[in-house]
Amino acid sequence: MSFNDEADEMGFDGCPKCHSNNVQGGSFDVSDNTVSQKMLCDDCEAEWYDVYQLVTQEIVE
Ligand SMILES: [Zn+2]
């Protein structure tokens, strides 16, 4: 397995199980600086959470 294959597997696009892009986003759950979104795959019916975290703050000039 090459580095690029591994990077692809670490990607957050689409379904983490079957890599389909046929996914639906559910409701958001916000806590402190983390946001979780429940996701559902239409192809393999996997369910998972996409978790977003605040990385940085940039002041708009
Ligand atoms: Zn899937």
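**Exercise 1. Describe the sheet: its strand order, its edges and its twist.**

Step 1. The strands form an open sheet of three, in the order 1-2-3, with antiparallel pairing. Strand 1 and strand 3 are the edge strands, as each pairs on one side only. From one strand to the next the twist averages 25 degrees; axes are lines fitted to C-alpha atoms, for helices over the stretch in contact, and angles run from 0 to 180 degrees between N-to-C directions.

Step 2. The model is predicted: local features need pLDDT of at least 70, side-chain atom pairs count only at pLDDT 80 or more, and totals for chains, interfaces and linings use all residues. Residues are numbered from 1 along each chain as its sequence is written.

**Exercise 2. Work out how strand 2 pairs with strand 1 and with strand 3.**

Step 1. Two strands pair if DSSP finds at least two bridges between them.

Step 2. Strand 1 (residues 23-31) and strand 2 (residues 34-41) are antiparallel and share seven bridges. In this pair, Phe 28 stands opposite Gln 37. Two residues lie between the strands of this hairpin, and Asp 32 in the turn has a positive phi of about 50 degrees.

Step 3. Strand 2 is also joined to strand 3 (residues 47-53) by seven bridges, again antiparallel. Here Gln 37 stands opposite Asp 50, and Val 35 stands opposite Tyr 52. The hairpin has five residues between the strands, and Glu 45 takes a positive phi near 65 degrees.

**Exercise 3. Is Val 23 buried, partly exposed or exposed?**

Step 1. Find the residue: Val 23 belongs to strand 1.

Step 2. Apply the cut-offs. A residue is buried if 20 or more other C-beta atoms, placed from the backbone, lie within 10 Å of its own, exposed if 12 or fewer, and partly exposed in between. Val 23 is partly exposed because it has 19 C-beta neighbours inside 10 Å.

Step 3. Find its partners. Leaving aside residues up to four places away in sequence, Val 23 touches Gly 14, Cys 15, Met 39, Leu 40, Cys 41 and Asp 42. Contact requires C-beta atoms, placed from the backbone, within 7 Å. The C-alpha atoms of Val 23 and Asp 43 are 7.8 Å apart, across 20 residues of sequence.

Step 4. Turn to the chain. Of its 61 residues, 3% are buried. In strand 3, the count of buried residues among seven is zero.

**Exercise 4. Where is confidence lowest, and where is it highest?**

Step 1. pLDDT is the predictor's confidence in each residue, from 0 to 100. The chain has a mean of 86, and 82% of its residues reach 70 or more.

Step 2. Confidence is lowest in helix 1 (residues 3-10), with a mean of 53, and highest in strand 2, at 95.

Technical notes:
Helices (H or I, at least four residues) and strands (E, at least two) are DSSP runs, numbered from the N terminus. Two residues are in contact if their C-beta atoms, placed from the backbone, lie within 7 Å.
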